[in-house]
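User: Could you walk me through this model? I'd like to talk about salt bridges and then pockets.

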Amino acid sequence: MSQTAPLTFSATDHALMARALRLAARGAYTTRPNPMVGCVIAHGDEVVGEGWHQRAGEPHAEVLALRAAGDRARGATAYVTLEPCAHTGRTGPCADALVQAGVARVVGAMRDPFPKVAGEGFERLRAAGIVVESGLMEAPARALNCGFLSRVERGRPWVRVKLASSLDGRSALANGESKWISGDASRQDVQHWRARAGAIVTGAGTVLADDPSLTVRLDPAADGSAVPFVPPLRVVLDPGLATVARGRVREGDAPTLYIHAPDAKPPRGLTTQLASVPVHAGRFDLDAVLALLAAREINEVQLEAGATLAGAFLTAGLVDEVLLYVAPVLLGERARPLFDGLGIETMAQKMKLTIVESRYLGGDIRVLLRPDPTG
């Protein structure tokens, strides 16, 4: 088992783990379904090698850092944002690579809960005589991989609801029109959140009303090059498969999955991906929807849907965070709310959320909120 963070971590330890976390975050758009991991190898405050996991099936962060360090890895300290793996998958065990390289100390941000690791990586290092300390900057390390940890520990993806709102808390006009409440900067920011999601989920009503493509459209990098990403799975919750023959959600390179009721009859010759989930009283079993996506190794879900589906996820206790873009406009009392079906009638029933972060984007404000369990 990994030990609790001791009080003896130095300023250098903190600085180099922070550097490893920044490296890990560079794989946000490409590593899934694997976690994001960064590694820094150093003698004191002198960095001799570093790396981050860039894509599933390719070398892990520790291997890349060891390659960069070469012989200078011997006697060094390795800072790793997640416990080194101890099993052979598409790559070999990173714990063994660290042992063979002769590092003297490994500082880990956190234990890996994945069953094939789960402390075995740290134990293998200790058995080889390497000093192992863990728990340094564990909170930001967990936040970085909230989706992977959710899938492994809870058996379901991390669910983020993306919404755009007027100042009076409305998401669309009464007739459903919502283009555009938010500004250009907000809409481009959404693309980065989409790029890190394993799946973008919507409902049949949104497909019929808005005809979204649900693809990632990132601006080029500063040098004009394309930003690499793995296209997220597009998921349409459509009980009767009313939308399978239409819509931009079927176009482009990103895969599309339609989740339907068990008694739905797919049209002949349909080639898209299909999966059925139980429906109760006309509503999908949302726990079953998320279990299905977890089985497909989806770490993070971004829900981009109307008030009814967003409200259903919220009342079911399945929303982990709300990504809200608030624009300085008013839509009036007849416009549609952010969430429908909450059934709140008294102040005692109010749902409390905590603001995690807020920032200006052009003329809008982006607010990241999470449900408060003490609410």
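Analyst: A salt bridge here is a side-chain nitrogen of Lys or Arg within 4 Å of a carboxyl oxygen of Asp or Glu. Please keep in mind that this is a predicted model. By that criterion Asp211 forms a salt bridge with Arg248, the closest N and O atoms being 3.9 Å apart.

User: Where do Asp211 and Arg248 sit in the chain?

Analyst: They link distant parts of the chain, 37 residues apart, with Asp211 in the loop between helix H8 (204-210) and strand S9 (233-237), and Arg248 in the loop between S9 and strand S10 (256-260).

User: And is Asp320 buried or exposed?

Analyst: Asp320 is buried, because its relative accessible area is 9%, under the 20% cut-off. Asp320 forms a salt bridge with Arg156, with 2.9 Å between the closest N and O atoms, and Arg156 also counts as buried, at 11% relative accessibility.

User: Which residue does Arg126 pair with?

Analyst: Arg126 forms a salt bridge with Glu123, the closest N and O atoms being 3.2 Å apart, and both residues lie in helix H4 (residues 120-127), three residues apart, which is about one turn of the helix.

User: How many salt bridges does a search of the whole structure find?

Analyst: The search finds 21 salt bridges.

User: Switching to pockets, what lines the largest one?

Analyst: The largest pocket has a volume of about 1300 Å³ and is lined by 49 residues, with Thr206, Asp210, Glu304, Ala305 and Gly306 nearest its centre. By class, that lining has 23 nonpolar, 14 polar and 12 charged residues.

Note on methods: Residues are numbered from 1 along each chain as its sequence is written. This is a predicted model: local features need pLDDT of at least 70, side-chain atom pairs count only at pLDDT 80 or more; totals for chains, interfaces and linings use all residues. Side-chain values use heavy atoms; hydrogens and water are left out. On a 1 Å grid over the protein atoms alone, a cavity is a set of points where a 1.4 Å probe fits but cannot get out, and a pocket is an open set with protein on both sides within 12 Å along at least five of seven lines; lining residues have an atom within 4 Å of a point. Grid points are joined across faces, edges and corners, and a volume is the space filled by probe spheres set on the points. Ala, Val, Leu, Ile, Met, Phe, Trp, Tyr, Cys and Pro count as nonpolar, Asp, Glu, Lys and Arg as charged, and the others, Gly among them, as polar. Helices (H or I, at least four residues) and strands (E, at least two) are DSSP runs, numbered from the N terminus. Buried means under 20% relative accessible area, exposed over 50%, partly exposed in between (1.4 Å probe, protein chains only).
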